[in-house]
Amino acid sequence: MKNVIIFGNGQAAEMNYFYLTHSSPYTVTAFTVDRTYIKEDTLFGLPMVPFEDVESMYSPHEYKMSILMSYRNLNRVRAEKYDQAKAKGYELLSYVSPKAVTWPGLAIGENCYIGENSVICPFAEIGNNVLIGAGSLIGHHSVIKDHCFIAPHAVVLGSTTIEPYCLIGANSTIRDGGVTIARECIIGAGVTITADTQERGVYIGKAAELLPKPSNELSSWLTWSMNRITRQEVSGHKRG
């Protein structure tokens, strides 16, 4: 079964097509999306067929399906389509970039995506319908459960458990040592988690601060600021 149908007609579907075409043994045969969302009859010269009828046109006995979608509604939209495709009888393929680092014995479910330059350490387990963005690290003995989205360059250190329907933001870090991310959590970009989270918790970091000077005056302002800090430190040492 080397033929595959891609669900979607947006940028994620286009990226899915690119990956499968250029770095997988599969041949993309068609695209499918809910009938109300069909805009064109073709995409990349391939037919776009209604998802409601796809199994009658492309038998699940002869074709696999791939659903690469975002974390919309905490991954529930992707999970819904995953369940519907399974109910139609399709096997959903998983894509692991040849530029990712993995080890023998990788446990990975259906409809997963592991992006380029990601590192999946030994004894890690990845459930169904999990997307792991480029450059991410999944530490040893970590467990990523179903329907999660790990954004690019996230760091999930060893022995971490991520429960279903979580979103882990770009450049975030989850400390090792048995931390559990409870189900349906949002971990914002750049956030560091050092302890277990609460179910449905939203963890975000401080937003960037706008400096009082424009960029064309930044050099002189930084010099003034550094000089001020230095004077304060010297004065403090003298008082001490």
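Buried means under 20% relative accessible area, exposed over 50%, and partly exposed in between, with a 1.4 Å probe and protein chains only. Strands (E, at least two residues) and helices (H or I, at least four) are DSSP runs, numbered from the N terminus.

This is a predicted model, in which local features need pLDDT of at least 70 and side-chain atom pairs count only at pLDDT 80 or more, while totals for chains, interfaces and linings use all residues. Residues are numbered from 1 along each chain as its sequence is written, and side-chain values use heavy atoms, with hydrogens and water left out.

Two strands pair if DSSP finds at least two bridges between them. β4 pairs with β2 in the parallel sense, over 3 bridges; here phenylalanine 31 stands opposite methionine 48 in β4. Strand β3 (residues 42–43) runs antiparallel to β4 and is joined to β4 by 2 bridges. Leucine 43 has leucine 46 in β4 as its bridge partner. β3 and β4 form a hairpin with 2 residues between them, and phenylalanine 44 in the turn has a positive phi of about 55°.

Leaving aside neighbours within four places in sequence, phenylalanine 31 is in contact (heavy atoms within 4.5 Å) with Leu46, Pro47, Met48 and Val49, among others including Ile5, Ala13, Tyr17, Leu43 and Phe44. A nonpolar core is a set of buried Ala, Val, Leu, Ile, Met, Phe, Trp, Tyr and Cys residues joined through side-chain atoms within 4.5 Å. The largest such core has 38 residues, of which Val28, Phe31, Val54, Tyr58 and Tyr90 touch the most other members. At least two residues of this core come from each of β1 (3–7), α1 (11–22), β2 (27–33), β4 (46–50), β5 (64–67) and α3 (76–87). Another core, of 25 residues, lies apart from it and includes Ala100, Ile162, Cys166 and Cys185.

Next come the pockets. On a 1 Å grid over the protein atoms alone, a pocket is an open set of points where a 1.4 Å probe fits, with protein on both sides within 12 Å along at least five of seven lines; lining residues have an atom within 4 Å of a point. Grid points are joined across faces, edges and corners, and a volume is the space filled by probe spheres set on the points.

The largest pocket has a volume of about 480 Å³. Its lining has 19 residues, and Phe7, Val33, Met69, Arg72 and Val77 are the closest to its centre. α1 and α3 are the elements that give two or more residues to this lining, and α3 supplies the largest share, 4 residues. By class, the lining has 8 nonpolar, 5 polar and 6 charged residues. Ala, Val, Leu, Ile, Met, Phe, Trp, Tyr, Cys and Pro count as nonpolar, Asp, Glu, Lys and Arg as charged, and the others, Gly among them, as polar.

The second largest pocket holds about 280 Å³ of space. Of its 16 lining residues, Tyr19, Tyr113, Gly133, Phe149 and Pro152 lie nearest its centre. In this lining, 13 residues are nonpolar, 2 polar and 1 charged. α1 gives the largest share, 3 residues.
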